[in-house]
Amino acid sequence: MLTLCLDIGGTKIACGLADSAGTLVHNATCPTPSGVGAEQVFAVVAALIGDALRAAGGSVAAVGIASAGPVDVRAGTVSPINIPAWRRFPLRDQVAGVVPGVPVRLGGDGVCMALGEHWVGAGRGAHFMLGMVVSTGVGGGLVLDGKPYDGRTGNAGHVGHVVVDSDGDRCACGGRGCVETIASGPSMVRWARANGWSAPAGAGAKELADAASAGDPLALKAFQRGTTALAAMIASVGAVCDVDLVVIGGGVAKSGSVLFGPLRAALADYTGLDFLADLRVVPAALGGDAGLVGAARLAALETI
């Protein structure tokens with residue numbers, strides 16, 4: 001029987017059906033509504049679930065949910081920063097009401113991304129892994145000893161808020177000097193523009209990466225600055241959690257060697273401990289489907 005999986009973020013809501021091998025046999029998305037109430041946002045989720053149930057023939061084995069955070073997996077509630085209508089929204093119970101009699105498990109989108117890559121993506125075979133998304137923000141999740149690690153509340157692995165500059169800019173989280181303020185796509189673009197990068201209005205991380213690939217010195221410096229911050233964070237997480245693999249996805253990761261080349265070079269300068277010498281950093285393999293696949297795996301682990 002198939003597993004129903006959801007991946008809910010501030011930009012889009014995705015719903016899929018995964019088989020026991022981690023293959024998505026159904027996948028649909030809708031934009032996340034903005035400027036509406038909590039129930040109107042959930043109405044989109046419920047409609048996607050209804051379509052998936054019809055595609056599955058009416059029943060599924062379990063439901064897994066990957067949600068932007070913060071989350072409280074014990075209470076089953078979510079408070080995504082980019083979905084202001086949901087504050088301590090009882091997402092798990094609401095989904096259970098649409099799919100009665102089926103086990104429902106909630107996880108943060110970072111840990112689900114990591115779990116998906118660990119199951120059938122670039123992290124297969126890794127025992128201790130950090131999965132990361134570098135995009136409009138910097139997110140992450142941990143798989144430790146082959147199992148998802150979500151911590152006390154479900155928010156373990158929020159690596160975008162590791163502090164790498166104690167005197168740095170304020171972050172949207174309320175802290176200061178988080179890696180996200182330096183290494184996210186918008187942060188790198190903002191720094192480049194502030195330092196003289198002349199690009200058309202609306203140019204973003206993709207255009208910055210294209211400019212860096214073409215040798216633009218300011219674009220290259222923006223990526224150097226961002227990857228150095230990422231390297232400092234990865235080395236810190238590696239030292240604390242003793243991970244052997246880092247898998248990076250997200251829009252900025254599509255920059256390829258523009259990101260991974262300077263990142264690996266900078267990482268070598270931060271990983272002096274012997275047990276970090278073999279730490280590998282690789283691109284993600286599942287693209288935007290990692291959260292759905294990981295949510296399906298999360299649900300399967302709950303029911304094994």
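Modeller: Both Trp 86 and Phe 89 are buried. Keep in mind that this is a predicted model. Trp 86 and Phe 89 form an aromatic pair, and the pair is stacked. Their ring centres are 4.5 Å apart, with 0° between the planes. Planes under 30 degrees apart count as stacked.

The structure holds 2 aromatic pairs. Another is made by Phe 42 and Phe 89, and this one is tilted. Here the distance is 6.0 Å centre to centre, and the planes stand at 45°. The pair links distant parts of the chain. Phe 42 sits in helix H1, residues 38-56. Phe 89 sits in the loop between strand S6 (77-78) and helix H2 (91-98). The two residues are 47 apart in the chain. Phe 42 is buried, as is Phe 89. Taken together, Phe 42, Trp 86 and Phe 89 form one aromatic cluster.

Stay with helix H1 for a moment. Arg 54 and Asp 51 form a salt bridge, with 2.5 Å between the closest N and O atoms. They are 3 residues apart in helix H1, so about one helical turn separates them. An α-helix has 3.6 residues a turn, so residues three or four places apart point the same way. Arg 54 is exposed, at 59% relative accessible area. Asp 51 is partly exposed, at 37%.

The count comes to 3 salt bridges. Another of them joins the side chains of Asp 150 and Arg 74, at 3.5 Å from N to O. Asp 150 lies in the loop between strand S10 (147-149) and helix H4 (180-183). Arg 74 lies in the loop between strand S5 (71-72) and S6. The pair therefore ties together parts that are 76 residues apart in sequence. Asp 150 is buried, with a relative accessible area of 19%. The cut-off for buried is under 20%.

Lys 206 and Asp 210 meet through their side chains, at 3.1 Å from N to O. They are 4 residues apart in helix H6, so about one helical turn lies between them. Lys 206 is exposed, at 58%. Asp 210 counts as partly exposed, at 41%.

Among the buried residues of H8 are Val 258, Leu 259, Phe 260 and Leu 263. H8 covers residues 257-270, and its 14 residues should span 20 Å at 1.5 Å a residue. Its end C-alpha atoms are 20 Å apart, which agrees.

Strand S1 (residues 3-8) pairs with S2 in the antiparallel sense, over 6 bridges. Asp 7 stands opposite Ala 14 in S2. A hairpin of 3 residues joins S1 to S2. S2 also runs antiparallel to strand S3 (residues 24-31), with 7 bridges. Ile 13 has Cys 30 in S3 as its bridge partner. The hairpin of S2 and S3 has 5 residues between the strands, and Gly 22 there takes a positive phi near 90°. Strand S2 (residues 12-18) is mostly covered, with 6 of its 7 residues buried.

Definitions and conventions
Residues numbered from 1 in each chain as written. Predicted model: local features only at pLDDT ≥ 70, side-chain atom pairs only at ≥ 80, totals over all residues. Heavy atoms only, no water. Buried < 20%, exposed > 50% of the residue type's maximum accessible area, 1.4 Å probe, protein only. Pairing = 2+ DSSP bridges. Phe/Tyr/Trp six-rings, centres within 6.5 Å; stacked < 30°, edge-to-face > 60°. Expected span 1.5 Å × (residues − 1). Salt bridge = Lys/Arg side-chain N within 4 Å of Asp/Glu carboxyl O.
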